[in-house]
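Hello,

Here is the structure I promised to pass on to you. Please have it open while you read, as my notes follow directly below it.

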Amino acid sequence: MFWKKLGIPYLKPIPFVGNLKDTVLQKTNIGLFLKKVYDENQDKPYVGIFCFDQPCLVMVDLELMKNILIKDSHNFIDRAITADEKVDPFMGKCIPLLKGQRWRHVRTKLEPSFSAGKTKKMFEQVEACATQLTRMLEVTTADGSSVLVRDATMRYTMDVIASCVLGIDGNSLENPDSEYKKYIAGVMDFSISKGLASLTMFMCPALQSFFKLRFVDEDTTEFLRRLVWTTVEYRQKHSTERNDFLDRLNELMNQEKMDASNGTKTKSISESGPILSTETQRKYPVLPFLDRRCERDYEIPDPHGSGTIILPAGTAVYISNFGIQNNPKYFPNPENFDPERFSEDNKRNRSNMLHMPFGDGPRKCLGKRFGLMQVKTGLVHILSKYEVAPCKDTPIPLILDRRAFSLSPKEKIPMTFIRHI
Ligand code: HEM
């Protein structure tokens, strides 16, 4: 047995699924499963698990996590998640799933598009979407109806992506039946097969290829491909600019063309959010775990504190940011929503490893600045006009979707919006 031979404590697996029985049966999801493993093994620096037949390591010790994400990140540059490009071309070509040199090349090219200056230039477009959001709220609440907040914020996010990333008007706030909303909502909706596709992509990519499981279906891939290329062509023809991510794509394409014609190849080229959103992301990190793959054999301290052991190359490593951020040792009464945890005084003496909703190290979220700007702008627009409170139909406590790999609520979340006088 792999972990036994290495002398690493591990969870006893069962044939075929390893330790993933409840995850495969969709009684739990990857994030909740990894949190449980983390919570139940607080007395160890790490614990071995089996994802189907793959041995993987769940980290508990903060210092070791820091080494993996930051200090020794050169040996953990790839994520464990993998998509077979032939089966699922959209996911396979997506930057979060790219590996090694290919990832480095794309990340370096994209990084300047997410600078503070470039993000600021997109503020007007984000604000226009936030204004549409409050307009939609006004119409919905006119007769005293409650608001389905997940639906409203999802439509706002979709319109921001449409405007700033795809360079179009998504129109999903004004027209909930728009074609764009239909496709994007489909991507975010976790059916049984999509739940299995994401589980295998994260935890046993060979099975994803074998069963040809797709996360993004062919129609959606084609719709998005057509949308982007039609807009790029239009802008090239009419020399239009919008200061968005698509402009940057255009610039990069022109640059590549120039490099190709010169016969040269160019060398690869915050503030923290308001404490309200920071505390929300502590309780519910959208991505509840971080994953990395060990590139070369890696020395880690022996679990019993006597020497070192070698973690073999290729081992997947998981970090439960959801577990850490809800660990009473670090955040007393973690179930309480208390934005004061992120006051300047309270933050000062706390390790960065204790709050990682955007990950850390060279593979941390590329869109952190933009994402925070979008969340803050939406919140400011809503809270300057409304007091938001639970109503009799609000599900308390929140039940999480057991099929999704991201943390998303299972049910609709109706809330009361009371207009400030
Ligand atoms: C509040 C919103 C967001 C949250 C909570 C979030 C969270 C995350 C997390 C946890 C990761 C993995 C980091 C790691 O492995 O260390 C990630 C990766 C990434 N995010 Fe975000 N994200 C958000 C918004 C965005 C936006 C708006 C964009 C782009 C417009 C974006 C682009 C990316 C990309 C490209 C990666 C992969 C980076 C790489 O592999 O090099 N994110 N995000």
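Over which residues does pLDDT stay under 50? That stretch is residues 263-273, for which the model has 14 contacts beyond four places in sequence. Here pLDDT is the predictor's confidence in each residue, from 0 to 100, and two residues are in contact if their C-beta atoms, placed from the backbone, lie within 7 Å. Where pLDDT is low, the predicted coordinates should not be read in detail. For the protein, the mean pLDDT is 88, and 95% of its residues reach 70 or more.

Two notes on how to read the rest. This is a predicted model, in which local features need pLDDT of at least 70 and side-chain atom pairs count only at pLDDT 80 or more, while totals for chains, interfaces and linings use all residues. Residues are numbered from 1 along each chain as its sequence is written.

Helices are DSSP runs (H or I, at least four residues), numbered from the N terminus. Ala, Val, Leu, Ile, Met, Phe, Trp, Tyr, Cys and Pro count as nonpolar, Asp, Glu, Lys and Arg as charged, and the others, Gly among them, as polar.

H18 also meets helix H8: their axes come within 9 Å and cross at roughly 40°. Axes are lines fitted to C-alpha atoms, for helices over the stretch in contact, and angles run from 0 to 180 degrees between N-to-C directions. On the H8 side, the contact includes Phe123 and Glu127; on the H18 side, Met373 and His381 are among the residues. This contact has six nonpolar, six polar and one charged residues.

H8 (residues 123-141) packs with helix H9 (residues 149-166) as well, at an angle of about 150° and with the axes 9 Å apart. The two are therefore roughly antiparallel (angles over 145 degrees). Cys129 of H8 and Tyr156 of H9 are among the contact residues, which divide into nine nonpolar, three polar and one charged.

Finally, the axes of H9 and helix H10 (residues 179-188) come within 11 Å and cross at roughly 110°. That makes H9 roughly perpendicular to H10 (65 to 115 degrees).

Enjoy exploring!

Terms used. Angles under 35 degrees count as roughly parallel, over 145 as roughly antiparallel, 65 to 115 as roughly perpendicular and the rest as oblique.
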